[in-house]
Amino acid sequence: MPPKKDTAPKVKASAAKVVQDKTFGMKNKKGSSAKKQIAQLTSQAASAKTPEQKRKDAEKAQREKEKEASEQAKRETAELFKPVQVQKVPFGVDPKTVLCQFFKQGHCEKGKKCKFSHDLAVERKGEKKNLYQDTREGEKEAEEEARKKDDMADWDEAKLRQVVTSKHGNPKTTPDK
């Protein structure tokens, strides 16, 4: 029967040799105790580092901590000193009808050259009428309600004659049959 493949994690050559020497003859044995002992020996070999390796790992961990601290400091300063967003106006809107954000905060440095309004009353002004929207809808609804309220039972003689003539034509021009 061929020997089993090495399922142990890869470790350095010298550490692997020590583990191989200690586990000689144990790999083909059945039972969990032998497997546990092999696993324990390989983990010991993996964690056993030279002082130089330990120093390098410590330096690497220190550099990572410093890098994280500097990134955190950058994020904090960016949060403290983040600039106000650029003020945008939708297409077709006059910027002088929009109050300047910077002026509102007291930081507008453009003065008269600013394309936005520095008049605080502008914010309270009414919205411009939309020329492309039909505003007669309210009038139509009111007219329909008046028509619904106007019932035939409430009509007088003159109103009744007016409706009849409008429906059947003018009696003077219509020939009698």
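The legends below describe several views of one predicted model.

Residues are numbered from 1 along each chain as its sequence is written. Local features need pLDDT of at least 70 and side-chain atom pairs count only at pLDDT 80 or more, while totals for chains, interfaces and linings use all residues; side-chain values use heavy atoms, leaving out hydrogens and water.

**View 1. The elements of the protein run α-α-α-α-α-α from the N terminus on.** The protein has 6 helices and 0 strands; helices (H or I, at least four residues) and strands (E, at least two) are DSSP runs, numbered from the N terminus. Of the 177 residues in the protein, 9% are buried. Buried means under 20% relative accessible area, exposed over 50%, and partly exposed in between (1.4 Å probe, protein chains only).

**View 2. Helix 5 covers residues 137-149.** From its first C-alpha to its last, this helix of 13 residues reaches 19 Å, close to the 18 Å expected at 1.5 Å a residue. The expected span is 1.5 Å times one less than the number of residues.

**View 3. Cysteine 100 is buried, with a relative accessible area of 1%.** Its closest cysteine sulfur, in cysteine 114, is 3.8 Å from its own sulfur, too far for a bond. A disulfide is a pair of cysteine sulfur atoms within 2.5 Å, and a search of the whole structure finds 0 of them.

**View 4. Cysteine 108 is partly exposed, with a relative accessible area of 22%.** The closest cysteine sulfur to that of cysteine 108 is in cysteine 100, at 3.8 Å, again too far for a bond.
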